[in-house]
Amino acid sequence: MPAAVSGRLLTRNINMASSHQHQQPPRASSRALPVINIGRLGDKDPAARALVVQDIARACRDCGCFQVINHGVSKSVMNGALEAASEFFDMSTEHKEAFASDDIRGPIRYDTSARDGISKCRSFLKHYANPLQDWVKFWPKQPASYRKKMGMYAVEIQRLSVQLTGAIMQGLGLGPMYLQEKLGAGLQFMALNNYPQGSSQAGDTVGLAPHSDYGFITILMQSSPGLEVMHHDDDAWTPVPAIPGALHVHLGDHMEVLSNGRLRSLLHRAILNTDEARISIASLHGVAIDEKVSCAEELVDERHPKLYRESSFHDFLDFLPTNVNTYRRFVETLKFDRA
Ligand SMILES: O=C(O)CCC(=O)C(=O)O
Ligand SMILES: [Fe+2]
């Protein structure tokens with residue numbers, strides 16, 4: 001665990017394109033990804049909480065992402081989830097393909113192909129997780145510890161997501177309880193991603209092409225580096241370091257909509273790790289599947305007209321099959337045409 005520092009800048013973007021070296025440096029060159037100690041987020045002392053909320057608000061605005069430490073999810077629970085995922089992907093093709101399905105509305109889905117328009121070189125298992133008792137029955141029975149280990153992780157991450165969205169809502173001036181009940185009872189959708197080592201046979205170094213996630217926030221754990229992010233002001237990718245014990249958090253399309261564009265969903269991709277095969281577990285959080293998300297009325301006024309139309313996760317699922325040949329971010333399709 002790194003030293004517990006709030007908002008400390010840990011990385012510098014090393015992706016500055018050589019063509020920029022003699023010109024005005026691109027803004028991406030100074031992009032640094034914050035690591036935030038959220039240990040005092042649950043503090044009774046409102047001033048201690050307010051400092052953390054401020055760090056989170058700044059990170060959301062300036063980077064669209066941050067890593068959290070002191071988040072209360074134990075290392076053993078985190079490692080357990082990575083082990084369960086890795087053991088699942090190590091199982092026979094036959095076992096894994098028992099979860100293959102063309103039904104994107106199904107409760108669980110395994111796939112290896114690029115049918116979604118963004119998978120370049122990954123296999124994945126996707127399933128719902130909240131509330132656990134409703135979904136765990138669809139999860140793999142083998143490996144034998146999968147349900148227990150992934151279930152413990154899912155519950156902890158769901159708890160953390162509510163805490164973090166509460167802080168983000170407070171940072172937006174909506175108050176810490178804004179949508180908390182709906183998010184607590186809402187959607188948790190987990191994507192377990194498995195990437196081979198190095199580049200693919202086709203020479204591809206990208207495992208998962210650039211995209212943004214549809215939900216409010218995504219909490220992601222990676223077994224080794226590979227995740228890269230691009231803030232909307234940038235023109236270069238920033239690698240997300242794999243800090244032991246830390247969890248990466250980024251904003252999704254519905255947070256952009258809710259905030260009426262004050263916050264923006266984060267473009268990200270996964271590159272293949274040339275040293276080792278890589279696993280990531282992304283947990284996407286939102287309100288219930290059919291619940292429409294619109295711009296918060298508190299953030300709409302004469303100077304800030306409503307920028308997005310409302311949508312639900314179901315609308316997103318309806319949109320997915322139309323998004324295979326040329327990828328478009330869901331949030332772009334929600335923008336009102338004000339031309
Ligand atoms: O593998 C990664 O780091 C990214 C995964 C991701 O973006 C996703 O599952 O939506
Ligand atoms: Fe993603």
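Biologist: Why is asparagine 260 called buried?

Modeller: In this predicted model, asparagine 260 has a relative accessible area of 5%. Buried means under 20%. The value of 5% falls under that cut-off, so asparagine 260 counts as buried.

Biologist: Where does asparagine 260 lie, and which residues does asparagine 260 touch?

Modeller: Asparagine 260 sits in a loop, between helix H7 (253–258) and strand S12 (267–271). Leaving out residues up to four places away in sequence, asparagine 260 touches Cys295, Leu299, Val300, His304, Pro305, Lys306, Leu307 and Tyr308.

Biologist: What is the phi of asparagine 260?

Modeller: Phi of asparagine 260 is near 55°, which is positive, and the residue is not glycine. Most residues other than glycine have a negative phi.

Biologist: Where is asparagine 70 found, and what is its phi?

Modeller: Asparagine 70 is in the loop between strand S3 (65–69) and H2. Its phi is near 55°, again a positive value in a residue other than glycine.

Biologist: What makes asparagine 70 partly exposed?

Modeller: Its relative accessibility is 42%. Partly exposed runs between the buried limit of 20% and the exposed limit of 50%. The 42% of asparagine 70 lies in between, so partly exposed is the label.

Biologist: How do you know that serine 312 is buried?

Modeller: Serine 312 has 2% relative accessibility. That is under 20%, so serine 312 is buried. The residue belongs to the loop between strand S13 (278–286) and helix H8 (313–319).

Biologist: Which residues does serine 312 touch, and how far apart in space are serine 312 and valine 293?

Modeller: Beyond residues up to four places away in sequence, serine 312 touches His254, Ile289, Asp290, Glu291, Lys292 and Phe330. Serine 312 and valine 293 are 19 residues apart in sequence. Their C-alpha atoms are 6.0 Å apart in space.

Biologist: Which residues meet in the contact of H2 with H5, and how do they divide by class?

Modeller: H2 brings Val77, Met78, Gly80, Ala81, Glu83, Ala84, Ala85, Glu87 and Phe88. H5 brings Tyr146, Lys149, Met150, Met152, Tyr153 and Glu156. By class, the contact of H2 with H5 has ten nonpolar residues, one polar and four charged.

Biologist: Why is H1 called roughly perpendicular to H5?

Modeller: The axes of helix H1 (residues 46–62) and H5 cross at roughly 80° and come within 8 Å. The perpendicular class covers 65 to 115 degrees. Roughly 80° falls in that range, so H1 is roughly perpendicular to H5.

Biologist: Which residues meet there, and of which classes?

Modeller: Arg49, Val53, Ile56, Ala57 and Cys60 in H1 face Leu164, Gly166, Ala167, Ile168, Gln170 and Gly171 in H5 as contact partners. The contact of H1 with H5 counts seven nonpolar residues, three polar and one charged.

Biologist: What is omega at the peptide bond from asparagine 130 to proline 131, and at the one from glutamine 142 to proline 143?

Modeller: From asparagine 130 to proline 131, omega is near -5° and the bond is cis. From glutamine 142 to proline 143, the bond is cis too, with omega near -5°. Most peptide bonds are trans. Proline 131 is in the loop between strand S5 (123–128) and helix H4 (132–135). Proline 143 is in the loop between H4 and H5.

Biologist: And the chain as a whole: how many helices and strands, and what share is buried?

Modeller: The protein chain has nine helices and 13 strands. Of its 339 residues, 53% count as buried.

Technical notes. Residues are numbered from 1 along each chain as its sequence is written. Chains are lettered from A and ligands numbered from 1 in the order in which they are written. This is a predicted model: local features need pLDDT of at least 70, side-chain atom pairs count only at pLDDT 80 or more; totals for chains, interfaces and linings use all residues. Side-chain values use heavy atoms; hydrogens and water are left out. Helices (H or I, at least four residues) and strands (E, at least two) are DSSP runs, numbered from the N terminus. Buried means under 20% relative accessible area, exposed over 50%, partly exposed in between (1.4 Å probe, protein chains only). Contact means heavy atoms within 4.5 Å. Ala, Val, Leu, Ile, Met, Phe, Trp, Tyr, Cys and Pro count as nonpolar, Asp, Glu, Lys and Arg as charged, and the others, Gly among them, as polar. Axes are lines fitted to C-alpha atoms, for helices over the stretch in contact, and angles run from 0 to 180 degrees between N-to-C directions. Angles under 35 degrees count as roughly parallel, over 145 as roughly antiparallel, 65 to 115 as roughly perpendicular and the rest as oblique.
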